[in-house]
Amino acid sequence: MTLNDVADAVSLMILGGFLLAGFAADVLGRRMHVPRVTLLLLLGFLAGPSGWHLVPDEITQWFSFATLLALSIIGFHLGERFLGKRLRTTGKPVAFVSLAEVAGSAACVFLLLWAFGVPIPLALLLASVAPATDPAATMDVASGTGSKGPLTDTLLGVVAIDDAWGVMLFSLLTVIASSMVTPETSASVASWVVLGHGLWEIVGGLLLGIAVGLPMAMLTGRIKSGVLTIVETLGFVLLCSGLALYFELSYVMACMAMGATVSNVAHHHHRPFHAIKEVEQPFLIVFFVLAGFQFQLDQLVHVGWIGLGYIVARVIGKFIGAYLGAKAAGAPPVVRRHIGFCLLPQAGVALGLALMVAQRYPELGEKVLTTIVGTTFVFELVGPVVTRWQLMVSGEGQAKPSRPDVPSAS
């Protein structure tokens, strides 16, 4: 047996182990009333370089591609489900809550850190990352609890679009922070270029999603009347993501726009989620386990009081901002009381933004990256648990939901 054969065999065994771990996490999560995503992240952390080191370090190279696949599918699913036809009934609460919680979390993080003596540029950069959430974890928790109702609809609509507002705010705040660190004219001009690129990344992604979504809406669902097949769905999702990456656009926004376009235009579709639900689970399991690989315990130790202040301020900002947004939109009391605490999970987008800060502003970027890596570990482990608790307390979650892709544990 050659070295390549051995490597392939090990990779297949590890991939099979990941999928079996996902099944075990689902069954165990039902017994323990803990979200599957939290168990998968813990498993990844324990099996990874910072834990027991059970698998080769080379496996971490899968993470970027697994992230691309998982978030592309999640983006399409959220766009099709909550930015499509249902937007007519949930649009106002989703818009108000998403804008308010993005502004609230950024404002609270900046004000609290600034009040405790953190330099304004550093406080601005940390505030620019604070709004980012984790749509994959949130959607997995909602699916795992079988949640249905106005809170669930609003929550999934918010996580579908709040990262777009967050990226825009990130672009603006990094421009302001950059002008304070390097006030020269050339640096200022470069900062505005960054802002323009951030806006184009979102707007261009939306336009691309619409452009790909129109032919998808017209061509799909013809082989099986009204039902998208797995091949059709996955083919268009991957095509859209690839085009977005090639043109340096937001692939998540592009897939969400494509899903929303299909939902609104393809009136002959009567089971638009069936195919994507069948294929998304394996990708999500691998994504969550590999995300756990990325966490490093020493980063959490080095976070210090700035990280603690970031955690406290982000939680307060999410709750107050979401509550005020829901109240302004006239959302039901169940949405006002619970929506803020459901928005705590934070992962891939936040880490990506922190990496951008570290690359563009080396003098402050290391501090930002260390803080975000450490606090993300906390938010990604605790956040899904809090989200599940809020969905159950609200009465929208079921004690023993049935996941269509995984047999019941009972």
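This is a predicted model: local features need pLDDT of at least 70, side-chain atom pairs count only at pLDDT 80 or more; totals for chains, interfaces and linings use all residues.
User: Let's step back to the whole chain. How many helices and strands does it have?
Analyst: The protein chain has 410 residues, and buried ones make up 55% of them. Among its contacts with a separation of 6 or more, 84% are between residues 24 or more positions apart. As for the elements you asked about, the chain has 16 helices and 0 strands.

User: Why is helix H5 described as largely enclosed by the rest of the structure?
Analyst: Helix H5 spans residues 120–129. Its buried residues include Pro121, Leu122 and Val129. H5 counts as largely enclosed because the number of its 10 residues that are buried is 9.

User: Which residues does phenylalanine 110 contact, leaving aside its neighbours within four places in sequence?
Analyst: Phenylalanine 110 lies in helix H4, residues 87–115. Its relative accessibility is 18%, which is under the 20% cut-off, so it counts as buried. Leaving aside those sequence neighbours, its contacts are Ile120, Ala123, Leu124 and Ala127.

User: How many residues apart are phenylalanine 45 and phenylalanine 377, which form an aromatic pair?
Analyst: The whole structure has 9 aromatic pairs. In this one, the ring centres are 5.3 Å apart and the planes are at 65°, making the pair edge-to-face. Phenylalanine 45 belongs to helix H2 and phenylalanine 377 to helix H16, so the pair links distant parts of the chain, with a separation of 332 residues.

User: Are phenylalanine 45 and phenylalanine 377 buried or exposed?
Analyst: Phenylalanine 45 has 11% relative accessibility, and phenylalanine 377 has 10%. Each value is under the 20% cut-off, so the two residues count as buried.

User: What kind of pair do phenylalanine 319 and tyrosine 323 form?
Analyst: These two residues are 4 apart in helix H13, which means about one helical turn separates them. Phenylalanine 319 is partly exposed at 28%, and tyrosine 323 is partly exposed at 30%. Their ring centres are 6.3 Å apart and their planes are at 20°, so the pair is stacked.

User: Which arginine lies over the face of phenylalanine 379?
Analyst: A charged group over a ring occurs with lysine 92, placed 5.8 Å from the ring centre of phenylalanine 96. For phenylalanine 379, the distance to the ring centre is 4.5 Å, and the residue over its face is arginine 314.

Conventions
Residues are numbered from 1 along each chain as its sequence is written. Side-chain values use heavy atoms; hydrogens and water are left out. Rings of Phe, Tyr and Trp (its six-membered ring) pair if their centres lie within 6.5 Å; planes under 30 degrees apart count as stacked, over 60 as edge-to-face and the rest as tilted. Buried means under 20% relative accessible area, exposed over 50%, partly exposed in between (1.4 Å probe, protein chains only). A charge sits over a ring if NZ of Lys or CZ of Arg is within 6 Å of the ring centre and within 35 degrees of the ring normal. Contact means heavy atoms within 4.5 Å.
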